[in-house]
Amino acid sequence: MPDAVASAKTGTKSPLPFVNLRECAAALRCHSAPAGQAAPHFPDFTPEHEPRVTATPDTPAVRMTDLRLDRGGRTILHDVSLDVPRGSVTAVLGPSGSGKSTLLAALTGELEPAAGRVEVFGEGVPRAQKALLSMRKRIGVMLQGNGLLTDLTVAENVALPIRTHTNLPDPVVRRLVEMKLHAVGLRAAADLFPRELSGGMARRVALARALALDPPLMVYDEPLTGLDPIASGVVMSLVRRLNDTLGLTSIVVTHHVHETMPVADHAIVIANGHIVFSGTPAALAESQDPLVRQFLDGRPDGPIAFDTTARAPEAA
């Protein structure tokens, strides 16, 4: 059983039992039947329900090798090579329009690289649709705009991926949803609708939904956009605590440097179409690279151009 997960609302720590699908179902098998009656049958999990990671412990969670990514006839990123260690929180930093979201699109299989290779837990990102969907179950993504369905309650939003990708009975689904909401400090908000939530609460619901299928890899796309400093601190504290408690690997794509660095193990900075820094947060703070310093210090003038370069006419 995990140690404890901080309640983001109260700041207190409380136990988080049965945080994953298998443990929750096993507990319900044992305890859901009245005395003297046989326990109801809850289905075991097949690989389709719970994709398994087959890589060795030394294999990086994500490896990109000599990657080139194009969109609309333009090269957005080139010569990108990086490893994301398992169990780490890695921050991918860079100014707006630098290609951070394009990098995520390659990681999730949305964008096929023009050159190079992307591996997730030692396996290349597949192109076949069925294999790609199976791989995506290993990746939890918290979208920049939350992506909550407005006509569903908080609990129904969190339950959606579980109901879509498993055939678990309602008692198991309800228990899982309760545990996921408890992990982000929002168990009391289960019956609210997205319009009744603050920005920080909505972001935590999106996090609970991204964790619904127990993915070993979590990706956060600009998780702090639109949040005040307190809510930003709450979200980043949850990212670190959940990563450590649940044994995840986390990639945080953001331009919010000061809020992200305290929880990150590794930092990558993207600018001018390639990686300009890769190292620890401490090394990032000490870097004298002009590209890095312009980004960290928010200087309007420097080697990172603010305006987008006009696209060259395409050849006939």
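Two strands count as paired if DSSP finds at least two bridges between them. Strands (E, at least two residues) and helices (H or I, at least four) are DSSP runs, numbered from the N terminus. The model is predicted: local features need pLDDT of at least 70, side-chain atom pairs count only at pLDDT 80 or more, and totals for chains, interfaces and linings use all residues. Residues are numbered from 1 along each chain as its sequence is written, and side-chain values use heavy atoms, without hydrogens and water.

Start with the open sheet, which has 6 strands in the order β8-β9-β10-β5-β11-β12 and mixed pairing. Its edge strands, β8 (139-142) and β12 (274-279), each pair on one side only. From one strand to the next, the twist averages 15°. Strand β11 (residues 266-271) pairs with β12 in the antiparallel sense over 5 bridges. Here I270 stands opposite I275 in β12.

Next come the helices. Helix α6 (residues 199-210) packs on the sheet and touches β8 and β9 (217-221); contact means heavy atoms within 4.5 Å. The direction of α6 makes about 165° with that of β8. Axes are lines fitted to C-alpha atoms, for helices over the stretch in contact, and angles run from 0 to 180 degrees between N-to-C directions. Helix α7 (residues 229-246) lies across β5 (89-93), β9 and β10 (249-254), at about 160° to β10.

Helix α4 (residues 154-165) packs with α6 at an angle of about 30°, their axes 8 Å apart. The two helices are therefore roughly parallel to each other, a term for angles under 35 degrees. In their contact, V154, N157, V158 and P161 of α4 meet V205, A208 and R209 of α6.

Note on methods. Angles under 35 degrees count as roughly parallel, over 145 as roughly antiparallel, 65 to 115 as roughly perpendicular and the rest as oblique.
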